[in-house]
Amino acid sequence: MIIHGKERKLMLTIGASIKIAKLCPQGDLSRVGEVFQNHSLAEMFDKVCDIIIALNEGYEMNRAFEVEGHKEDVITKQELLALNMMDILQMKDEILHSMSTD
């Protein structure tokens with residue numbers, strides 16, 4: 001996904017799975033879809049941001065181990081909070097896609 005003109009990739013690593021599971025009902029990663037339901041808009045956006053950060057950290061950490069000289073460049077919550085609402089809502093779909101393919 002492109003965020004502020006920069007390509008940001010996502011990967012569901014073990015570390016990302018742990019962080020995301022903590023956001024899910026009863027710590028169950030298979031219930032990640034419920035994170036986007038039955039919450040206020042503010043809570044949902046906050047959780048979407050946390051999940052994007054966890055998945056991007058997973059990708060960046062993986063690349064640092066896999067590609068010699070790769071410098072980690074993890075997206076920040078501040079970058080995500082500067083996006084408009086439509087961008088964040090579209091990212092929700094990318095999150096679910098990334099998690100289902102990894």
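**Overall layout**

The protein chain has four helices and two strands. This is a predicted model, so please keep that in mind throughout. Starting at the N terminus, the order of the elements is β-β-α-α-α-α.

Now the overall dimensions. The C-alpha trace of the protein chain spans about 45 × 30 × 20 Å along its principal axes. For 102 residues, a compact globule would have a radius of gyration near 13 Å, and the protein chain agrees, with 13 Å.

Next, contacts and surface. Of the contacts in the protein chain with a separation of 6 or more, 63% are between residues 24 or more positions apart. Buried residues account for 35% of the 102 residues. The accessible surface is about 6,200 Å², and carbon and sulfur atoms contribute 53% of that. On charge, there are 11 positive and 17 negative side chains, and the centres of the two sets are 2 Å apart.

**Two loop residues**

Histidine 4 has a positive phi of about 50° and is not a glycine. Histidine 4 sits in the loop between strand 1 (2-3) and strand 2 (6-7). Its relative accessible area is 49%, so histidine 4 counts as partly exposed.

The other residue is glutamine 26, also not a glycine, with a positive phi near 55°. Where is glutamine 26 found? It lies in the loop between helix 1 (14-21) and helix 2 (41-66). With a relative accessible area of 77%, glutamine 26 is exposed, because the cut-off for exposed is over 50%.

Terms used:
Residues are numbered from 1 along each chain as its sequence is written. This is a predicted model: local features need pLDDT of at least 70, side-chain atom pairs count only at pLDDT 80 or more; totals for chains, interfaces and linings use all residues. Side-chain values use heavy atoms; hydrogens and water are left out. Buried means under 20% relative accessible area, exposed over 50%, partly exposed in between (1.4 Å probe, protein chains only). The radius of gyration is taken over C-alpha atoms; the globule rule is 2.2 Å times the number of residues to the power 0.38. Contact means heavy atoms within 4.5 Å. Accessible areas come from the Shrake-Rupley method with a 1.4 Å probe; for residues, only the protein chains shown count as cover. Lys and Arg count as positive and Asp and Glu as negative; His and the chain ends are not counted. The place of a charge is taken as NZ of Lys, CZ of Arg, CG of Asp or CD of Glu.
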